[in-house]
Amino acid sequence: MEVDPIDAVDREPKYYVRQLMADFSPSHIREAWQIGSGALPFGFEFISRVTFRDVNFGELAKPGEAFKVADKESSRPGFKLCKHCGKVQKPPRRSSDPSGQSHSFDCPKYGDDSPANLLECLYLYREFESEALRILVPYTKNGMDESVVQSFMAAVQLGLKRRFGGKVDHLRMVLQDEPGKDGGPRRHYVMLYDSVPGGTGYWSRCPSKGWTPCWWRWSWPWRVRRRRGG
């Protein structure tokens, strides 16, 4: 969920149901690293080509049909808009505002309030490819929950700033989870991806320096937390 910056200019920020999904082929895993001991399953991998699909399912505050996408259930109201000019239909802000459909001045349906003019539910979608690191979130002595995942993400973000001197604005995160092997607990991953389509080569430069030094610097806040009993 994000704040639309256009709405923010009007001092009425709106929140949207957005979902970013990542997909890749195992053949695009170029490098991988894992802990040799089986006591703590942990590792990460460099993926040279990941397809990201970003879907905006409409405003969070509006009612809509609830269904699952990528195993996440949410109300997804979509957008109502004109089939001809594409103008999004919004309810009147005040009781004194005129009701009826909204159309651009050059729309052939301007002034026409026929229901046939409108698409009742439209989702916004974009797709791009980039490179990424997929990191397995290590289990703690207290198990795995949302607070553990968020703490791990914050630690990695802090470690990245230390590694790259704070210049990491183009590096983003998305969460993934998948069933464990042989009926085991679900595995949770943090995928660090380059928001520049196609990637900038940040991740591909790490193997030449060695995976261990890179990870050791990124994860130092998490290691400190674990030593303190977190």
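Predicted model: local features only at pLDDT ≥ 70, side-chain atom pairs only at ≥ 80, totals over all residues.
Student: How much space lies in the largest pocket?
Tutor: About 1000 Å³.

Student: Which residues lie nearest its centre?
Tutor: Gln19, Leu20, Lys72, Val174 and Leu175. The lining has 36 residues in total.

Student: And by class, what is in that lining?
Tutor: There are 15 nonpolar, 5 polar and 16 charged residues.

Student: New topic. Which residues touch the most other members in the largest nonpolar core?
Tutor: Ile135, Phe152, Val156, Leu160, Met173, Val190 and Leu192. That core holds 17 residues.

Student: Which element gives the most to this core?
Tutor: Helix H2 does, with 6 residues.

Student: Now charges. How many salt bridges are there in the whole structure?
Tutor: The search finds 9. In one of them, the side chains of Arg49 and Glu129 meet, at 3.1 Å from N to O.

Student: What does Arg126 pair with?
Tutor: Asp54, with the closest N and O atoms 3.2 Å apart. Arg126 sits in strand E8 and Asp54 in strand E3, 72 residues apart.

Student: Is Asp54 buried or exposed?
Tutor: Buried, at 7% relative accessible area. Arg126 is partly exposed, at 46%.

Student: Which residues are linked with them in a network?
Tutor: Arg18 joins Asp54 and Arg126 in a network of salt bridges.

Terms used: Residues numbered from 1 in each chain as written. Heavy atoms only, no water. 1 Å grid on protein atoms, 1.4 Å probe; cavity = no way out; pocket = protein on both sides within 12 Å on 5 of 7 lines; lining within 4 Å. Points joined across faces, edges and corners; volume = space filled by probe spheres on them. Nonpolar A, V, L, I, M, F, W, Y, C, P; charged D, E, K, R; others polar. Core = buried A, V, L, I, M, F, W, Y, C linked by side-chain atoms within 4.5 Å. Buried < 20%, exposed > 50% of the residue type's maximum accessible area, 1.4 Å probe, protein only. Helix = DSSP H or I, 4+ residues; strand = E, 2+ residues; numbered from the N terminus. Salt bridge = Lys/Arg side-chain N within 4 Å of Asp/Glu carboxyl O.
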